[in-house]
Amino acid sequence: MKHTPSLDDPIQFIKGVGPRKAILLEKLRLTSIEDCLYFLPFRFEDRTQFKKISQAVPGEYVTLTGEVLNAGTMFMGRRKRVFEVIVQDETGVVRAKWFRFNETYMKEKFKTGQKIILSGKPTLNKRSGLEIIHPDTEQVSGENVSSLEIGKIVPVYHVTDGLHLKSMRTIIKNVLDKYLSLIEEFLPDDLVQRYNFPPRSEALAQSHFPPQGSSLKELDAFQTPAQQRLVFEELFLIQLALACRKNHVGKELTGTSFKTRGELIKKFVKLLPFTLTGAQKRVLGEIMEDLEKEKPMNRLIQGDVGSGKTIVALTALLTAVDNGAQSALMVPTEILAEQHYLNILPFCEKLGIELRLVTSALKGKERKIHFEDIKTGKTHIIVGTHSLIQKDIQFKKLGLAVIDEQHRFGVMQREAIGKKGDHPHLLIMTATPIPRSLALTLYGDMDVSLLDEFPPGRQKIATDLFYENRREKAYSIMEEQLQQGRQAFVVCPLIEESEVMDLKAAVTVFDFIQKCFPDFTACLIHGKLKKEERQSIMSRFLKKEIQVLVSTTVIEVGIDVPNATVMIIEHAERFGLAQLHQLRGRVGRGNHASHCLLMAYHPVSEEGQARMKAMQNSGDGFVIAEEDLKIRGPGDFMGTRQSGMPLLKIANLLRDIRVLETARKEAFHLIDQDPGITDPKHQSLNKALQRFLGNYMELMEVI
Ligand code: ADP
Ligand code: MG
């Protein structure tokens with residue numbers, strides 16, 4: 001039977017790709033024809049113009065032609081070998097160098113007198129002059145000049161050991177030649193016309209091999225019409241999925257409508273030792289409006305560290321209880337769960353509400369009783385970790401779930417807690433503000449409330465960087481604060497992937513602190529302590545019986561002790577920006593001026609320095625988040641997989657935020673008009689979306 005070509009064909013269908021190459025390609029996650037089509041060059045090289053060797057400028061990419069003067073292996077030290085090819089033209093010489101090479105192959109390739117073309121970034125070697133490390137080279141022999149490499153703007157792909165850039169280009173070219181006719185348009189006509197997009201197949205072809213006259217600058221910035229179209233379509237499909245999902249939650253699911261601002265809430269507000277901020281009132285208003293509807297709430301609160309999210313959450317939790325339902329608060333760590341529990345407990349006691357804590361520390365008989373009470377409805381509010389979504393927990397009637405610090409959870413957990421009830425209302429809170437582009441993708445199906453105001457009296461947290469030789473200065477700031485009756489955190493970093501080692505490091509710091517501050521009580525808290533011990537330390541710290549809390553990073557999120565005004569972060573250079581900002585947010589919660597003292601150790605990487613600078617320059621979580629995204633790049637930002645972030649093949653959330661906004665607008669508009677994407681004119685779009693979603697199980701689950 002004759003095989004009908006399809007984009008799902010394995011890559012081995014391509015001429016020149018045998019089993020060996022297929023394995024190498026798989027390392028790049030390229031297994032099918034379609035994978036290759038979307039494997040776009042990450043930059044381009046202009047080989048339209050050849051330069052003379054004398055015109056080459058160190059640091060600037062060039063393409064040169066010349067003749068091999070001499071070639072061979074050089075030894076540098078005992079083990080280091082370099083293959084060096086000296087190339088000359090009528091204006092001078094340049095040395096090409098390889099540090100990893102196959103000698104036989106190289107000797108064969110670079111014979112004296114051979115005419116070659118080489119491309120790369122020259123550097124100036126003090127001893128031997130102009131050189132290019134690992135250039136791309138090409139032999140020139142009569143007509144045997146590959147048209148993919150010379151006289152053009154040439155694509156540069158990520159490759160892997162053993163797979164040369166040159167064969168990558170050939171493979172992609174062959175893929176395009178053979179399969180391009182299978183590429184179908186799926187964007188609606190009116191979109192293509194309005195945005196003046198090139199046809200899909202043309203866009204793909206040109207994004208790999210740019211046509212004559214393309215601008216290198218535009219190409220490298222991903223700004224050509226061909227590239228922009230591909231970015232658009234990828235983001236459009238994601239936004240379309242999110243729009244479907246939102247629409248599905250909005251129109252088809254029914255939950256329970258609550259009566260808001262009831263007696264319980266009135267009593268609760270009277271118990272508060274402060275008045276709500278304007279932002280808290282506004283966000284609560286938005287939440288109440290959601291809760292009154294039958295359609296389940298699906299709302300995200302974005303509020304910087306210390307903006308007062310807990311009270312907002314508690315009001316929502318109590319509203320559910322006031323309506324005869326249960327509610328749950330899920331957080332990422334045990335210690336944070338315990339903290340929330342302790343914070344909320346006094347209110348619940350005064351209001352006659354049954355509150356329970358569920359973490360993995362809960363064992364045996366106690367666990368059984370807790371679970372029973374949750375099942376029978378005796379327990380009203382449950383605070384816990386992801387233990388809350390384990391199989392054997394059953395709620396009598398879960399009416400509302402709040403997830404705090406959601407960036408630690410994936411979309412899956414969001415779904416899982418929702419399944420613990422009959423379409424409960426869902427509220428998600430993020431403390432590390434995430435850049436807008438990520439929010440639109442990760443939470444694109446949610447309504448968003450911004451808690452953009454701090455409780456009154458907050459002061460800027462003075463943030464300073466210290467190295468070991470100025471430790472004394474840092475300690476004197478801490479001492480001054482302690483003497484005024486304030487308290488301090490000292491955070492020790494993750495040294496290794498081993499809790500034992502972390503603990504050892506923390507113990508060392510703790511001993512040192514005790515020596516340096518004999519007049520004050522210090523205590524060490526870490527993840528290995530029993531729950532009771534941790535709780536007792538935390539409550540003693542709250543009661544000011546302990547002045548200095550030395551800890552491993554377990555206290556990273558959520559801890560609330562307004563009298564603490566000093567945060568020392570040991571090995572601050574090892575922490576990520578979001579984490580540093582979170583940690584800093586543990587101080588500056590009361591009316592007192594606070595300090596964040598970053599202790600760094602040489603050598604600090606360039607990125608580390610950028611992080612330290614960002615911390616010193618800004619206290620605004622959103623600015624820090626944007627900075628973080630810039631330093632790290634979007635791929636790394638959220639720890640992609642675990643966060644449920646779709647893996648983008650083409651778009652880049654940092655670079656393409658404008659296209660993202662447009663794609664989002666168009667996708668939501670389309671779903672407005674054609675909710676099920678059933679209009680015949682959207683048939684190929686529907687097909688494309690289904691195909692696309694095949695790769696994104698998390699999103700697909702609900703559509
Ligand atoms: P986060 O948003 O980081 O979770 P919290 O909810 O822990 O912040 O609140 C930070 C601190 O601010 C807590 O000590 C809390 O009691 C206090 N707080 C919250 N709202 C107000 C308010 N309206 N006025 C004064 N203090 C407030
Ligand atoms: Mg919080």
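Visitor: Is phenylalanine 232 buried or exposed?

Guide: Buried means under 20% relative accessible area, exposed over 50%, and partly exposed in between, with a 1.4 Å probe and protein chains only. Phenylalanine 232 has a relative accessible area of 2%, so it is buried. Tyrosine 195, at 26%, is partly exposed. This is a predicted model, where local features need pLDDT of at least 70, side-chain atom pairs count only at pLDDT 80 or more, and totals for chains, interfaces and linings use all residues. Residues are numbered from 1 along each chain as its sequence is written, and side-chain values use heavy atoms, with hydrogens and water left out.

Visitor: Why is the pair of tyrosine 195 and phenylalanine 232 called tilted?

Guide: Rings of Phe, Tyr and Trp (its six-membered ring) pair if their centres lie within 6.5 Å; planes under 30 degrees apart count as stacked, over 60 as edge-to-face and the rest as tilted. Here the centres are 5.6 Å apart and the planes are at 35°, so the pair is tilted. Ring pairs also join Tyr195, Phe197, Phe232 and Phe236 into a cluster.

Visitor: Which residues of helix 18 are buried?

Guide: Helices are DSSP runs (H or I, at least four residues), numbered from the N terminus. In helix 18 the buried ones are Lys531, Arg534, Gln535, Ile537, Met538 and Phe541. Down the helix axis they fall within an arc of 160°, so they line one face; the arc is that of the directions from the axis to the C-beta atoms.

Visitor: What follows helix 18?

Guide: Lysine 544, with a positive phi near 70°.

Methods. Chains lettered and ligands numbered in written order. Helix = DSSP H or I, 4+ residues; strand = E, 2+ residues; numbered from the N terminus.
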